[in-house]
Amino acid sequence: MIDKIRDLDRRRAGALHSVGDRWRALPKWQRGLTFVAFVAFIYYLPLLGIPGLTWLRTDSISGGSNWAGVLFTCAVYVLVAIGLNVVIGLAGLLDLGYIGFFAIGAYAVALFGSVNSPVVKWFQAEFDLPPTWAVTWAICAFIALVMALISGVILGWPTLRLRGDYLAIVTLGFGEIIRIVARNMEGVTRGPQGISAIPGPEGPPSPDNQIFGLIDIKPWYWLAITVVLLMVFAVRRLENSRVGRSWLAIREDEDAAAVMGVYPFKFKLWAFAIGAALGGFAGFLFASRYAFIDPTQFNVNLSILFVAMVVVGGSGNMVGVSVGAVLLAYLPERFREIADYRWLAFGLAMVLVMILRPQGLIPSKRRARELKDRAAEAEEAPAHV
Amino acid sequence: MSDETNNPVAPKIPTQPVPAKNLLEIDDVTLRFGGVVALNGISFEIKEGEILGLIGPNGAGKTTCFNVMTGVYKPTSGAVRFRGERVTGRKPHQISRLGISRTFQNIRLFPEMSALENVMVGTDSRHKTSVPGALFRLYRVRPKEEELPQVTASGGIVRTWQQVRRGFAKTFGLSRHILEERAAEDKAMELLRFVGIADRANDEARNLPYGYQRRLEIARALGTEPKLLCLDEPAAGFNPAEKEELLGLIRRIRDKGVTVLLIEHDMRLVMGVTDRIVVLEFGSKIADGRPEEVSRDPRVIAAYLGEPADAA
Amino acid sequence: MRRSYSRALGTAALAAVLVAAAGCQDAGGSGDNTASGDCGGKIAIFGAFTGDNAGLVLPSLNGAKLAIKQHNDANADCQIEMVEFDTQGDPAQATPVANQVAGDTSFLGVIGGHFSGESDATMPVYEAAGLVMVAPSATRTDLTAKGNKSFFRVVGNDGTQAGAVATYLKSQNAQRVFLIDDASAYGAGITAELTKNLGATVAASDKIQERQSQFEATISKIKAANADFVFYGGYTREAAPLVRQMRGAGVTAKFIGPDGLYDPAFPAGASGGAEGSIITCPCLPADKAGGTFTADYQAAYGQAPGSYGAEGFDAAQIFVDAFKDGKKTRAEILEYVKNYDKQGVSKYIKFAENGDVDPSRVVIWSYEIKGTAFEPLQELKLS
Amino acid sequence: MIPRPLSMQGDLVNFADLFGHIGQHTVDGLSKGAIYALIALGYTLVYGVLRLINFAHSEVFMVGTFAVLGLWTAFGVQNNPPIGQAIIFLVLGLIVAAIASGGTALAIERIAYRPLRRKNAPPLIFLITAIGLSLVLVEIFGLVLPKLLGEAVPSIFGRARIILGMPTIIEQKTLFTVLNTSITNIQLIVFVSAVVMMAMLDWFINRTRYGRGVRAVAQNPETAALMGVNQERVIMLIFVLGGIMAGAAALLWSMRFGFTQSSIGFVLGLKAFTAAVLGGIGNLRGALLGGLFLGIVEVYGATIFASNWEDVIAFVVLVIVLMFRPTGILGESLGRARA
């Protein structure tokens with residue numbers, strides 16, 4: 001039975017590979033055009049109304065939830081998956097506490113941007129500011145990014161010297177610590193009560209906001225997906241550079257990489273920090289869209305969900321992890337009747353994928369470098385050895 | 001680009017005893033694991049420009065010796081000096097930058113990366129671009145004439161575009177990232193051609209045939225621009241014809257000015273290519289000298305007793 | 001050459017299709033099917049119907065369903081539809097639901113939220129949409145202090161219940177009360193209110209964390225404080241092992257808990273350790289509840305209405321009355337709820353300006369645990 | 001409104017209580033840590049031989065507690081049975097829990113790890129599989145079985161994810177009080193049984209033929225295979241041994257705390273793993289030491305601050321210990337040194 005599944009899987013994988021190969025074989029301008037069409041489609045998704053595809057919408061069922069809202073969640077999770085992919089997929093570090101960075105990003109905008117936060121109130125009292133004063137959204141974005149980045153470095157500095165599996169357990173602890181601290185430090189985070197009135201691009205949530213309003217979520221989705229595309233572009237730059245090669249080398253064989261002149265600690269720390277920053281930024285988007293956060297939203301289960309997104313999708317491959325993120329965020333929303341079984345399904349998916357197809361649904365394949373005419377040149381040159 | 005390639009260092013005929021400088025000195029190195037003595041007061045030196053063979057039966061401590069030299073293990077006592085500088089206590093990547101590189105007995109490539117990228121990891125070690133550089137590309141370098149974008153189109157909008165790009169690069173320079181990336185790729189490609197596996201540059205390392213993998217490891221090690229290249233049983237599993245090719249390759253590496261330290265089982269291969277041989281047994285040095293001297297040494301013969309000289 | 005040409009065509013065609021597709025819209029979902037006939041309409045109910053805390057919320061859902069069903073059975077010409085949205089109590093899942101309900105104009109009212117966090121997160125959305133929210137069990141005090149104009153609750157807030165607990169403790173002549181909470185929004189909230197009410201009789205306090213199983217440190221603090229009463233603000237999961245370990249360690253202080261422990265799993269989980277504990281709950285004993293609610297609930301679901309079953313029924317009944325009264329728009333219904341003034345099954349329901357149910361009408365009962373049953377003791381007067 | 005100052009409000013540092021009752025806190029910590037130590041053994045055994053974190057081990061423990069609950073429910077055990085009955089139920093409980101936990105551990109090995117080992121998968125894959133398995137087991141006991149068997153055995157699977165009480169088998173009594181420190185019968189039983197189980201395991205690994213095989217594989221799988229040790233059998237053995245220890249922990253847990261829940265394993269497993277790492281993972285005595293150390297640290301910490309800082313303290317201590325001793329207090333090793 002299992003052999004049969006494996007066989008089927010192999011055939012499917014072969015077909016997929018040939019799709020990938022064919023895609024790579026396309027001329028540049030065609031790839032560009034298809035990519036543009038794809039991006040246009042992504043932006044069009046919240047309006048999805050193509051006959052035959054409307055059943056995809058989560059609001060097409062009774063008891064379903066807002067379609068653009070679900071898309072927003074998918075986009076945020078894709079951002080998380082891309083960030084975590086840098087850590088797990090590229091650098092090969094298992095981070096089980098990624099929710100911690102997500103929470104730090106979310107709390108950064110909540111603490112500095114919301115008039116309800118004790119931190120903002122403290123600033124108001126200390127510097128005689130008006131009671132409506134709070135840090136602007138755009139500056140909060142920067143604060144969130146930097147705070148997450150710094151926390152990544154602070155966590156990574158002592159722990160990245162540890163062996164891989166110790167790292168997993170220490171990061172798991174870190175994720176829990178962030179949540180517990182957020183819950184216990186009532187004087188700073190309002191503890192379990194949570195913080196409301198977290199600002200968006202147009203300031204705190206209010207029915208008067210023209211674009212980023214309370215009811216229509218489409219602009220939020222467009223904002224998130226724009227951030228995702230920007231980050232994909234940025235991570236892509238890193239992936240295809242000296243940094244990306246160093247990460248992969250460390251992932252594949254840390255000792256060999258060190259002997260080849262790669263300083264593993266430095267690049268691992270970078271991977272950790274970049275992953276943390278992306279996770280923090282995702283948390284920032286999450287908090288400003290929902291305008292309310294409390295510590296229960298940063299449960300350790302989410303860390304495991306994030307890891308599941310990356311490994312089920314195909315660790316190391318941005319397309320793969322994005323597909324994983326979308327699937328794991330979307331399916332429970334679309335099939336809400338069985339939402340209670342989601343954790344069972346996630347667990348099963350993780351086990352089955354790892355046993356049958358450890359490289360994930362869409363495995364990573366390094367982009368062949370554009371060798372221009374060099375390959376031909378090499379063939380001409382006699383292999384004189 | 002690299003000073004070695006432009007710098008023909010004395011690859012003279014080895015039979016003449018040229019008083020060359022010591023490149024690497026291993027000074028009374030002892031290494032213990034718990035109660036086991038892996039290396040016992042080993043001392044020898046490698047002279048610039050030679051090919052030194054390091055031989056000995058299984059478990060004699062040859063690979064351990066490599067690991068001490070490349071910083072994987074720290075010796076219990078004693079020191080390793082490279083061009084007069086202490087190597088012991090430094091981290092592997094620092095030692096690599098000093099100019100020692102190696103291959104592994106059981107091939108340790110980066111299997112998911114292409115052959116070219118494997119070599120580029122090596123060449124990267126001489127470059128500087130890190131995360132900010134690769135991300136924002138703000139560090140600009142004035143490019144040389146041949147590095148500027150070329151204007152090739154004969155006319156129309158394409159030509160204008162190319163002219164704009166060229167002008168832009170002339171005025172603002174090119175990012176160091178781009179230049180390094182190009183240099184790394186060129187250098188890596190050149191090395192792949194040098195070891196003779198350029199035809200499969202874009203294949204993942206794990207998909208390469210065995211012989212290619214061995215040679216890819218050598219290319220990767222050369223990518224770090226070493227002054228000393230340590231080869232750990234590079235001919236293991238090779239047939240005689242392949243071994244012959246390998247011999248040629250080792251000589252050509254030496255001719256490029258790279259000193260070679262060779263661990264090898266195959267006596268004939270070692271005899272054929274080395275200038276000098278060091279023999280280890282049970283963690284101690286038992287002989288050190290020219291191949292023909294060593295092969296007559298009774299202790300060496302005893303150590304190798306029962307092992308035919310051409311055992312693979 | 002030909003192949004690449006055809007591929008190019010394909011690419012261009014795909015792009016064209018995608019662009020064209022954007023033009024022909026088939027608006028999925030959110031169809032605006034207005035209420036049929038002159039009477040009736042559609043409401044939403046949201047809360048943690050699955051997940052770890054579902055046990056506390058399902059009675060309310062069942063109560064609401066019961067109210068709707070009774071009405072629909074009796075009035076064939078005035079059908080009310082109630083759509084369930086499961087949020088698992090998570091604010092992040094409640095918000096897309098809120099956007100969905102708010103954006104779908106056929107919804108005329110909302111029952112929820114069941115927890116304070118999800119209520120806090122979604123209140124602004126419903127307010128912006130002019131939708132009235134009637135919460136059966138969101139008890140955090142500050143929810144009604146935010147100036148939200150469309151939030152109402154048919155349950156007393158933490159302050160009311162804490163006041164009742166304080167009254168009880170004073171009537172028992174408590175001298176040294178030890179306060180514990182689970183650092184959750186609910187437990188910490190009610191305990192903080194109680195701290196204010198009790199003043200000097202608080203001997204000491206401790207906070208535990210959720211999913212904690214071993215309570216050595218806390219018990220040792222209780223012993224050190226020589227407490228005669230122990231109040232625990234939180235839920236069953238931690239309370240059951242806590243009370244049992246307390247008893248095992250020889251602490252004889254009386255154990256008091258709020259309605260979070262009005263849950264049959266509490267005495268069962270503590271296996272006798274909870275014997276004699278006092279639970280306060282703003283819920284009426286079966287024989288005191290108005291009308292036939294308890295019997296009806298028992299008949300429909302085969303069990304007694306647990307926590308908030310009556311509140312769920314009352315919340316739904318408000319909308320039933322509104323529809324019966326011929327209200328057909330969100331604004332009309334909001335206005336109707338604001339002026340609602342009627343006896344419900346859990347209490348007399350009339351809302352104060354801020355959306356709280358009139359505090360003088362909130363009824364809080366104390367129950368004593370005997371075996372696995374909750375025996376009604378007395379009605380607690382609010383101080 | 002005057003803003004509250006930025007502080008850890010309500011968390012007064014309380015050293016007086018700690019030093020006033022230091023003996024009592026230490027005893028409490030030891031009895032708390034004994035259970036961590038027993039569970040930690042399972043992690044340490046598997047890690048020592050396979051270099052793999054068996055993340056699903058916490059669920060092995062959880063299954064053991066359910067087995068004890070099932071047994072006691074089946075016999076209709078009431079609170080405080082006569083002493084003779086109590087001993088019978090405890091012994092039966094130990095057997096049933098050991099079988100259930102050992103069987104679960106073995107099943108995990110067979111279903112998940114063996115196929116991966118055959119493929120020579122990297123450690124990350126094992127770990128992720130284990131996390132997935134852990135989720136699956138929790139959901140099976142928390143959700144699937146209640147849905148299937150809720151009607152049939154309501155006292156075990158009555159409602160999804162509910163907390164389930166067990167009868168008190170032995171009433172807790174203070175045995176004696178020395179220096180203001182009272183020690184109860186249950187604390188003593190838990191502590192002594194944990195140490196005895198550990199000593200038996202230590203003897204088994206260090207003194208018997210099977211144990212020699214385990215040590216051989218732990219030190220060098222290739223050489224062990226050459227010397228005729230059946231590696232697969234050793235691996236099965238360590239999973240079963242770890243499972244039996246978790247089963248014993250499950251019985252002690254049921255006796256001491258008397259409740260279970262499908263999600264009970266996670267926090268406990270995390271703590272036990274922390275204990276194993278603290279003591280030096282792969283090292284049996286380290287597991288005992290680490291468990292007791294962690295128990296004491298937690299009780300002290302909860303006394304000084306408040307109990308809701310307990311987990312934070314545990315992890316901060318873990319990070320600090322790992323920074324200074326990356327291989328734990330006693331270092332890693334199963335049996336003797338690994339070269």
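Which residue of β14(C) is the bridge partner of C:I369? Select C:F374, the partner in question.

This is a predicted model: local features need pLDDT of at least 70, side-chain atom pairs count only at pLDDT 80 or more, and totals for chains, interfaces and linings use all residues. Residues are numbered from 1 along each chain as its sequence is written, and chains are lettered from A and ligands numbered from 1 in the order in which they are written.

**Stop 1: the hairpin in chain C**

Stay on chain C and select β13 (residues 364–370) and β14 (residues 373–380). Strands here are DSSP runs of E, at least two residues; helices are runs of H or I, at least four; both are numbered from the N terminus. The two strands run antiparallel and are joined by seven bridges. Strands pair if DSSP finds at least two bridges between them. Two residues lie between β13(C) and β14(C), which form a hairpin. Click on C:G371 in the turn: its phi is positive, about 65°.

**Stop 2: the domains of chain C**

Colour chain C by domain: domain 1 is 41–156 + 287–351 and domain 2 is 159–281 + 365–380. These bounds come from an automatic or database domain assignment. The domain centres, taken over C-alpha atoms, are 29 Å apart. Now select the contact between them: 10 residues of domain 1 meet 12 residues of domain 2. Contact means that C-beta atoms, placed from the backbone, lie within 7 Å. On the domain 1 side, α2 (54–74) and α4 of chain C each supply at least two residues. That side has one nonpolar, eight polar and one charged residues. Ala, Val, Leu, Ile, Met, Phe, Trp, Tyr, Cys and Pro count as nonpolar, Asp, Glu, Lys and Arg as charged, and the others, Gly among them, as polar.

**Stop 3: between the chains**

Show chains A and C together. Of the five pairs of chains in contact, this pair shares the most contacts. Chain C brings 44 residues and chain A brings 48. On the chain C side, select α1 (2–23), β2 (80–86), α3 (91–103), α4 (116–128) and α6 (185–198), the elements that give two or more residues. α1(C) gives the most, with 10 residues. The chain C side divides into 23 nonpolar, 14 polar and seven charged residues.

Next, bring in chain B. Here 34 residues of chain A are in contact with 43 residues of chain B. Among the chain A elements that give two or more residues are α9 (218–239) and α12 (264–290). α10(A) gives the most, with seven residues. The chain A side holds 21 nonpolar, three polar and 10 charged residues. Then try chains B and C: they do not touch, and their nearest C-alpha atoms are 21 Å apart.

**Stop 4: helix pairs in chain D**

Select α7 (residues 185–207) and α12 (residues 284–304) of chain D; their axes come within 10 Å and cross at roughly 165°. That makes α7(D) roughly antiparallel to α12(D) (angles under 35 degrees count as roughly parallel, over 145 as roughly antiparallel, 65 to 115 as roughly perpendicular and the rest as oblique). Show D:M198, D:L201, D:D202 and D:I205 on α7(D), and D:L284, D:R285 and D:L288 on α12(D), which make the contact. Five of these contact residues are nonpolar, none polar and two charged.

Finish with α4 (residues 83–118) and α10 (residues 231–257) of chain D, whose axes come within 7 Å and cross at roughly 140°. α4(D) and α10(D) are therefore oblique to each other. Their contact residues divide into 17 nonpolar, eight polar and one charged.

How values were computed:
Two residues are in contact if their C-beta atoms, placed from the backbone, lie within 7 Å. Axes are lines fitted to C-alpha atoms, for helices over the stretch in contact, and angles run from 0 to 180 degrees between N-to-C directions.
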